[in-house]
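Colleague: I would like to learn how to read a model feature by feature. Can we go through one together?

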Amino acid sequence: MAQVSINSDLGEWGLSTDSGERARLLQSPSVDIAPKSEGEAPPGGLGRGTTSTLGAIFIVVNACLGAGLLNFPAAFSTAGGVAAGITLQMAMLVFIISGLVILAYCSQASNERTYQEVVWAVCGKLTGVLCEVAIATYTFGTCIAFLIIIGDQQDKIIAVMAKEPEGAGGSPWYTDRKFTISLTAFLFILPLSIPREIGFQKYASFLSVVGTWYVTAIIIIKYIWPDKEMTPADILNRPASWIAVFNAMPTICFGFQCHVSSVPVFNSMRRPEVKTWGGVVTAAMVIALAVYMGTGICGFLTFGAAVDPDVLLSYPSEDMAVAVARAFIILSVLTSYPILHFCGRAVVEGLWLRYQGMPVEEDVGRERRRRVLQTLVWFLLTLLLALFIPDIGKVISVIGGLAACFIFVFPGLCLIQAKLSEMEEVKPASWWVMVSYGVLLVTLGAFIFGQTTANAIFDHPESGIIPLYWWDDIWTSFSRDSSGVKSGPTPLDSSNPAPFLPLHPGSAMDGRRGGLVSQKNLPPSSTSQLLHAWKPWVKR
């Protein structure tokens, strides 16, 4: 994921140097600062921009890469090894690229310039409102993840500066994680988030891009020339279960999500054509894939199944090269939080103005008071949640599910609606193929979102088990007696409602480390309880 920032400070690429412009591109249509001028629009649709094809590739790569790469080694561990991780990424890349092309096609057809405007125009009011709510929720959750990342990296840096072991008891109060996160947030993030414009962050944004590439380089170098004290744990060669592979999908969605910012990038090109855009996003995604695969493979092979959800936490605190990487990551999220907050605040502002029926051009004093109040509420809520949700993996899983909506669900709905509209007018011969593909995208996105939501709601905190393995749970519940001990096929009775199913070696994946845990040690899940409730019906 990807940061939502979509430009950098490289004038020779033909890109804008205004960070405020980056954020304005993602605003709600109700607070659009630069309204469309129909008189200047060429026959193809929208007015021409100034971004070259090469510049657009760089912008999309910049929008895609971000702090999400820290989670890719753990995603390889969750998927079941290098082969499974590579296969999953390659398969998802096809759908990710197609979603970007679909958004450009719908943007050109609807003459709209932002993601939510396209959804509004193509799918209607209800879907448009859901899209805006999803964007606000996604940016809110990503801000929480950024604060957790700051705390994780600061813990390592403070441990080196204080010259004491990590987690040692009796540490001074000023080294406490909650205090350091709060201090950093109040001193740096809050002042950067209150202003109406954020163009002054353009130089820091460029440094954050450099830092992202530096982190990848360090992880690869540390794998090639590892330190003596770093020994990998078990290296998984295959997934524990076929369904286990899907548990890595949210991380991949979070990493590759650049779809929200892709629509304004497409419309900023000198030649905003769908065919040209297809080449742009393909090249950009291949570059991003190389970075993520390099980070994921080398990080996973360095630490094995013991890799931390934040891979930098697996390295020793005393390593100076990694310490520089941690500093770059802190700088990256410090500058990305205000940009994400700006985008989320703009969407919330647009929803509020639309609900109240208020014009955008209103009293400046009222706007300032509302902006400060929105910023304070947003900031305090994200800070409190970051202090009490220390596991970055849980947050990435939830917002990764929302990222799947931007990558799959909304583009799929747009494709379905666009093709159905064309069918009413010209009845193209291939409309059913496109509609079927749109249904596939929506189904895949809904599956990922539903999976991550269920994981967040039904997680077992005492065991750390992710209940993704419901199919394994169903299977083993059919092959256990009433005491929970697995047994072989027996005549049909209350202790074995389905003797015809073969015995399955129950196992589940530990969501924090990727290790295997015996199914009989799991607390009873709602699925098992539901199946036992069916026993009288099965006997009848």
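Colleague: Is A75 buried or exposed?

Modeller: Buried means under 20% relative accessible area, exposed over 50%, and partly exposed in between, with a 1.4 Å probe and protein chains only. A75 has a relative accessible area of 6%, so A75 is buried. A word on the source: this is a predicted model, where local features need pLDDT of at least 70, side-chain atom pairs count only at pLDDT 80 or more, and totals for chains, interfaces and linings use all residues. Residues are numbered from 1 along each chain as its sequence is written, and side-chain values use heavy atoms, with hydrogens and water left out.

Colleague: Where is A75 found, and which residues does A75 touch, not counting residues up to four places away in sequence?

Modeller: Helices are DSSP runs of H or I with at least four residues, strands are runs of E with at least two, and both are numbered from the N terminus. A75 sits in helix 3. Contact means heavy atoms within 4.5 Å. Leaving out residues up to four places away in sequence, A75 touches A248 and T251. A75 and A248 are 173 residues apart along the chain, yet their C-alpha atoms are separated by 4.9 Å.

Colleague: What does the whole chain look like in secondary structure?

Modeller: The chain has 18 helices and two strands. Of its 540 residues, 54% count as buried. Among contacts with a separation of 6 or more, 82% come from residues 24 or more positions apart.

Colleague: How many residues are in the largest nonpolar core?

Modeller: Such a core is a set of buried Ala, Val, Leu, Ile, Met, Phe, Trp, Tyr and Cys residues joined through side-chain atoms within 4.5 Å. Here the largest one has 121 residues, and Y115, F256, W277, M285 and F408 have the most contacts inside it. Helix 14 (residues 392-425) gives the most to this core, with 17 residues. Take M285: beyond four places in sequence, its contacts include V60, C64, L93 and F256.

Colleague: How do I read a helix pair?

Modeller: Two packed helices are described by the angle between their axes and the distance between the axes. Axes are lines fitted to C-alpha atoms, for helices over the stretch in contact, and angles run from 0 to 180 degrees between N-to-C directions. Angles under 35 degrees count as roughly parallel, over 145 as roughly antiparallel, 65 to 115 as roughly perpendicular and the rest as oblique.

Colleague: At what angle do helix 3 and helix 11 pack?

Modeller: Helix 3 (residues 72-79) and helix 11 (residues 274-303) pack at about 65°, with axes 7 Å apart. They are therefore roughly perpendicular to each other. Helix 3 brings F72, P73, F76 and S77 to the contact; helix 11 brings Y292, T295, G296, I297, G299 and F300.

Colleague: Which orientation do helix 7 and helix 12 have to each other?

Modeller: The axes of helix 7 (residues 177-193) and helix 12 (residues 320-356) come within 9 Å and cross at roughly 45°. The pair is therefore oblique. T184, F188, I189, L192 and S193 of helix 7 meet L334, Y337, P338, H341 and R345 of helix 12.

Colleague: Where does N111 lie?

Modeller: N111 lies in the loop between helix 4 (82-110) and helix 5 (115-123). Its phi is near 60°, a positive value in a residue other than glycine. N111 counts as partly exposed because its relative accessibility is 29%.
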